[in-house]
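Please look over the sequence and the structure shown below before reading on.

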Amino acid sequence: MKLEELKKPLVNVGHLLSDPEYPTGHDECIMCNRAIRGQNKFSIHACNGGVDEICSNEDNDYVEQNDSGDMGNWSVGSECVKKLRANLVEQGVNPDDYIYSTAKPKAQAKAKEKTKSWSMTEEDTLILWRALQVYRSEIDDAMGNPLAKNNDSDYERATMLLAKAVHKSCDFAGTLEEGETVKSIYETMV
């Protein structure tokens, strides 16, 4: 194996091994020799004739084909992987480049559309109500015009906003009928 042909440098992790004896099987942690419960999620690729040096995940294939001292992949327990990650960072390398993981990445929370609340007086809701009725009327008039394109979504959004304004105005005035919702008001407008 030619070290200059590796994409990333070999990293020495021998000082992290608590026992110079190898584990008796691949279901034990290479670092502490304890059994790994459940399915193993982490491993390292030992090379160069021992378990002291590991190669990066990018170099796995090259090491397997060209290193006569390739030691293969060895399991690392979930507690020891934390120590290993910290040590790799101290050595100036990205731990994710050297620790192979079968763990599923945590699901990202869906980005929610930002909403902010704002306060409105009863008079504000009445003005908004009238303004939205005029705006919807102008969109409705323009729909037959070939120059007015893609107004459907604006019309729907304006209608939903108008339904919210009507609901809030009726709520202020105390004239909201029992069970009346923004959705029910919207449905009467479309």
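## Salt bridges and their surroundings

Asp97 is partly exposed, with a relative accessible area of 22%, where buried means under 20% relative accessible area, exposed means over 50%, and partly exposed covers what lies in between (1.4 Å probe, protein chains only). This is a predicted model, in which local features need pLDDT of at least 70 and side-chain atom pairs count only at pLDDT 80 or more, while totals for chains, interfaces and linings use all residues. Residues are numbered from 1 along each chain as its sequence is written, and side-chain values use heavy atoms, with hydrogens and water left out.

The side chain of Asp97 meets that of Lys8 in a salt bridge, with N and O 3.5 Å apart; a salt bridge is a side-chain nitrogen of Lys or Arg within 4 Å of a carboxyl oxygen of Asp or Glu. Because Asp97 lies in helix H3 (residues 95–98) and Lys8 lies in the segment before E1, this pair ties together parts that are 89 residues apart in sequence. Helices (H or I, at least four residues) and strands (E, at least two) are DSSP runs, numbered from the N terminus.

Lys8 also meets Glu58 in a salt bridge, again given as 3.5 Å from N to O. This pair links distant parts of the chain, since Glu58 is in the loop between strand E3 (53–55) and H1 and Lys8 is in the segment before strand E1 (11–12), 50 residues apart. Lys8 is partly exposed at 24% relative accessible area, and Glu58 counts as partly exposed as well, at 46%.

A search of the whole structure finds four salt bridges, and three of them are set out here.

| Asp97 | Lys8 | 3.5 Å |

Glu79 and Lys82 both lie in helix H2 (residues 78–90), three residues apart, which is about one turn of the helix. Glu79 is exposed, with a relative accessible area of 53%, and Lys82 is exposed too, at 52%. Elsewhere, salt bridges that share partners join Lys8, Glu58 and Asp97 into one network.

## The chain as a whole

The secondary structure of the protein chain comes to six helices and five strands, and read along the sequence these follow the pattern β-β-β-α-β-α-α-β-α-α-α. Of the 190 residues in the chain, 32% count as buried. The chain exposes about 13400 Å², and carbon and sulfur atoms supply 49% of that area; accessible areas come from the Shrake-Rupley method with a 1.4 Å probe, and for residues only the protein chains shown count as cover.

Among the contacts with a separation of 6 or more, 63% are between residues 24 or more positions apart, where contact means heavy atoms within 4.5 Å.

## Cysteines without a bond

How many disulfides does the model hold? The count comes to zero, a disulfide being a pair of cysteine sulfur atoms within 2.5 Å. Cys47 is in no disulfide, and the nearest cysteine sulfur, that of Cys55, is 4.7 Å away. The sulfur of Cys80 is 3.7 Å from the closest cysteine sulfur, in Cys29, which is too far for a bond. Cys47 is buried, with a relative accessible area of 1%, and Cys80 is buried as well, at 7%.

Asn60 has its place in helix H1 (residues 60–66) and counts as buried at 14% relative accessibility. Not counting residues up to four places away in sequence, Asn60 touches His45 and Cys55.

Leu17 is found in the loop between E1 and strand E2 (42–47), and at 17% relative accessibility Leu17 counts as buried. Leaving aside neighbours within four places in sequence, Leu17 is in contact with Ile30, Met31, Val51 and Asp52. Leu17 and Asp52 are 35 residues apart in sequence, and their C-alpha atoms are 8.1 Å apart in space.

Finally, the charged end of Lys168 sits over the ring of Phe172, 5.8 Å from its centre; a charge sits over a ring if NZ of Lys or CZ of Arg is within 6 Å of the ring centre and within 35 degrees of the ring normal.
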